[in-house]
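Please look over the model below before you read my notes. The points follow it in order.

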Amino acid sequence: LAMEDESSDFDWTSEVSNVIAMMEVFVQVGKVNCEHKLLLLEAEIKRRMGEKEEALENYNLAIAAAERNEFIHEQAIANERAADFLLKNGDSKTASRYYGKAHCLYLQWGAQGKADH
């Protein structure tokens, strides 16, 4: 998804479809380890498709799944991505809360350099 804007819609869509299919299999085998990743990927897809409410819902589900399964670093990443999304959509107040949570989580994880960024 980091390269999404550099490729055509067709290439991006087909590649993401393959990744989603693989992630869905991984979730069936190891839900605890993969569910939050799939939810974050789905949030990014919804964001890209302009489905704002669904995107935010999936960001929040990804955050909750990462927290439930104690993936602090992935919870931080999901909070940061949600904040980026909210900021780009004009909700700086809510984005600030997500950025604050991401910052705390990065520190808790021991990623001082990322927290300072």
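1. Start with a ring. Phe-85 is buried, at 6% relative accessibility. Buried means under 20% relative accessible area, exposed means over 50%, and partly exposed lies in between (1.4 Å probe, protein chains only). Its partner is Tyr-59, and the two form an aromatic pair. Tyr-59 is buried too, with a relative accessible area of 0%.

2. Some ground rules. This is a predicted model, where local features need pLDDT of at least 70 and side-chain atom pairs count only at pLDDT 80 or more, while totals for chains, interfaces and linings use all residues. Residues are numbered from 1 along each chain as its sequence is written, and side-chain values use heavy atoms, with hydrogens and water left out.

3. Back to the pair. The structure holds 1 aromatic pair. Tyr-59 and Phe-85 sit 5.5 Å apart, centre to centre, with 45 degrees between the planes, and the pair is tilted. Rings of Phe, Tyr and Trp (its six-membered ring) pair if their centres lie within 6.5 Å; planes under 30 degrees apart are stacked, over 60 edge-to-face, and the rest tilted. Tyr-59 lies in helix α3 (residues 52–68) and Phe-85 in helix α4, so the pair ties together parts that are 26 residues apart in sequence.

4. Now the whole chain. How many helices and strands does the chain have? There are 6 helices and 0 strands. Helices (H or I, at least four residues) and strands (E, at least two) are DSSP runs, numbered from the N terminus. Of the 117 residues, 38% count as buried. Take the contacts between residues at least 6 apart in sequence: 46% of them join residues at least 24 apart. Contact means heavy atoms within 4.5 Å.

5. Next, α3 against α4. They pack at an angle of about 160 degrees, with their axes 8 Å apart. That makes α3 roughly antiparallel to α4. Axes are lines fitted to C-alpha atoms, for helices over the stretch in contact, and angles run from 0 to 180 degrees between N-to-C directions. Angles under 35 degrees count as roughly parallel, over 145 as roughly antiparallel, 65 to 115 as roughly perpendicular and the rest as oblique. The contact includes Tyr-59 of α3 and Phe-85 of α4. By class, its residues are 10 nonpolar, 2 polar and 4 charged. Ala, Val, Leu, Ile, Met, Phe, Trp, Tyr, Cys and Pro count as nonpolar, Asp, Glu, Lys and Arg as charged, and the others, Gly among them, as polar.

6. Then α4 against α5. Helix α4 (residues 72–88) and helix α5 (residues 92–109) pack at about 160 degrees, with axes 8 Å apart. So α4 is roughly antiparallel to α5. Among the residues in contact are Ile-72 and Leu-87 of α4, and Tyr-98 and Trp-109 of α5. This contact has 14 nonpolar, 6 polar and 3 charged residues.

7. Glu-70 lies in the loop between α3 and α4. Glu-70 has a positive phi of about 60 degrees, although it is not a glycine. Most residues other than glycine have a negative phi. Is Glu-70 buried or exposed? Glu-70 is exposed, with a relative accessible area of 68%.

8. Last, Lys-93. This residue is found in helix α5. Lys-93 counts as exposed, at 65% relative accessibility. Lys-93 and Ala-83 are 10 residues apart in sequence, and 9.6 Å apart in space, C-alpha to C-alpha.
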